[in-house]
Amino acid sequence: MIAEANCPARFWLGPELIVAFKDPQHVEKILASSKFSHKHDIYEFLKCFLGEGLITSSGPKYKPHKKVIQPIFNLNFSKDCVPVFEKHIKTCVEHLDACVGSDHFNIGHFIHSCTADIIGEILFGYSFKAQQKQSTDYMTAFVDIYKVAFERLVKPWLHPDWTFGISSSGKRHKQICDLSLELMRKVMDELKKRKNILLCKSSSDDSFPTPVIDKVARIWEDNSELFDSHDLWFHMITLYMASQDTIALIVSATCLCLGMYPDYQERVVQEIDNVFGNCRAVAVEDIGKLAYLDMCVKDVFRLFPIAPYILRKTVADQQIDKLVLPKGCGIIIPIYNVHKDPRYWTNPEDFHPDHFLPEVEERRPSCTYIPFSAGPRGCIGKIFANVSVKVMLVHLLRQFEIEAAGKMPDVRCTMDISVRALRGYNVKIRRRVAK
Ligand code: HEM
């Protein structure tokens, strides 16, 4: 509906007025201003799981908490994490070796369990061993929570707690919340054990990055007036939800796209060879030299937005140009449609890395491309996501030639909280022969 609508477009969701904006000058005004930074009530549906974590919260704790958590995910942090990425990608490559020469298979499953191991270790210092087991209850549960929340969102009869509670998705929701509590207990026990070990040791083990939970726990201890133990857990589960599935999705979708466009893949591989040679370890500094890989990944972020829609709510009457938005009005920014607006994209439906040639990028108005949103509610994991996605892809593409059937316009996508390939990320792989 929004794709065809002339925006701003007004519609009613039951009794609620919602206005959709997709023109870049409007999008920029909304994203840049804290007047529009209040999350829509729809995010309340995620609160029993994500509490007052950064994605769902708009209350008084939001700003001070973001201020102390955001700096954790700086470039140095991503640099420290490279050995963890490499350790788990090595295991992923070993598992993928078993698929060499076989028919099409969903590479997304392998990448998903790999990112579960990476993110579990980096955030919690906890090993999910997802790759050993091929999956974990946590992994599937945390993907399902988005599906459950989305189902509740689009089915108004599931909005009241009592109808939701007796529905099948409400029951699944309860199971997931119980699993999350179980994980919390395990992770907190590990945190206590680590603290005791550190108290007994004269120095910590510097060869391994400090898990994010330890850093957030330190913030909590230093700011007890601002943080409590619930905040600690809800921030951690939010960070897990925000990173694990998202990184897996983008890496999987890039494999699919490069598999469908062998010429682009060849160009990426040549670039990787030029930068790293045959065997040099991946350093974050080198990632910046991979200009063509960057263009490819950017176009994948465009086609598979992690947040296809952003929803906000006005807490006072507000004006955008001549339009007055009354207090309580919903605002929707359909990133999915913004990213396919034919006024700004020459091949909106296709995988077309040239969309990101420097001279083309320069000409495009700002806020026509917003995969990480922008402004005060922008993503805090942008650098970390970019580094992890590229390190994973460098390793996978060095080892395997990827082949996929069809072209991007043939790929049917489904949308829950994110955009995904409906039939999975089906590819064939061959061992890459060094030239
Ligand atoms: C794969 C890449 C990722 C993409 C495309 C992405 C995209 C986004 C988008 C569009 C938003 C805004 C959502 C909204 O306003 O409703 C957002 C928010 C957020 N993201 Fe990411 N994200 C990614 C990875 C990550 C990672 C790795 C982390 C964790 C380190 C993270 C943490 C967050 C947090 C905490 C917020 C809430 C920020 C706030 O409301 O102030 N994201 N992300």
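How many bridges pair β3 with strand β11, and in which sense? Two bridges, in the antiparallel sense, with β11 covering residues 426–431. Strands count as pairing if DSSP finds at least two bridges between them.

Some ground rules. This is a predicted model: local features need pLDDT of at least 70, side-chain atom pairs count only at pLDDT 80 or more, and totals for chains, interfaces and linings use all residues. Residues are numbered from 1 along each chain as its sequence is written, and side-chain values use heavy atoms, with hydrogens and water left out. Helices (H or I, at least four residues) and strands (E, at least two) are DSSP runs, numbered from the N terminus.

Back to the sheet. It is open, with three strands in the order β3-β11-β8, and the pairing is antiparallel. β3 (105–106) and β8 (400–403) are the edge strands, each pairing on one side only. Look at N106: N426 in β11 stands opposite.

Next, helix packing. Two packed helices are described by the angle between their axes and the distance between the axes. Axes are lines fitted to C-alpha atoms, for helices over the stretch in contact, and angles run from 0 to 180 degrees between N-to-C directions.

Take α11 (residues 229–260) and α12 (residues 262–276). Their axes come within 5 Å and cross at roughly 115°. The two helices are therefore roughly perpendicular to each other, a label for 65 to 115 degrees; under 35 is roughly parallel, over 145 roughly antiparallel, the rest oblique. L258, G259 and M260 in α11 meet P262, Y264, Q265 and V268 in α12. Contact means heavy atoms within 4.5 Å.

Helix α7 (residues 137–154) also packs on α11, at about 90°, with the axes 11 Å apart. The contact of α7 with α11 has nine nonpolar, one polar and one charged residues. Nonpolar means Ala, Val, Leu, Ile, Met, Phe, Trp, Tyr, Cys and Pro; charged means Asp, Glu, Lys and Arg; the others, Gly among them, are polar.

Now the ligand. Around it sit 26 residues, and Y43, Y62, K66, R377 and C379 come nearest. Near means a heavy atom within 4 Å. By class, this shell has 17 nonpolar, five polar and four charged residues. α11 returns here: it gives the largest share, four residues.

Finally, individual atoms. An N or O atom in the side chain of R377 is 3.0 Å from a ligand oxygen. For R312, a polar side-chain atom lies 3.2 Å from an oxygen atom of the ligand. L54 uses a polar backbone atom, 3.3 Å from a ligand oxygen.

Notes: Polar contact = N/O pair within 3.5 Å; in protein donor to acceptor, adjacent residues only side chain to side chain.
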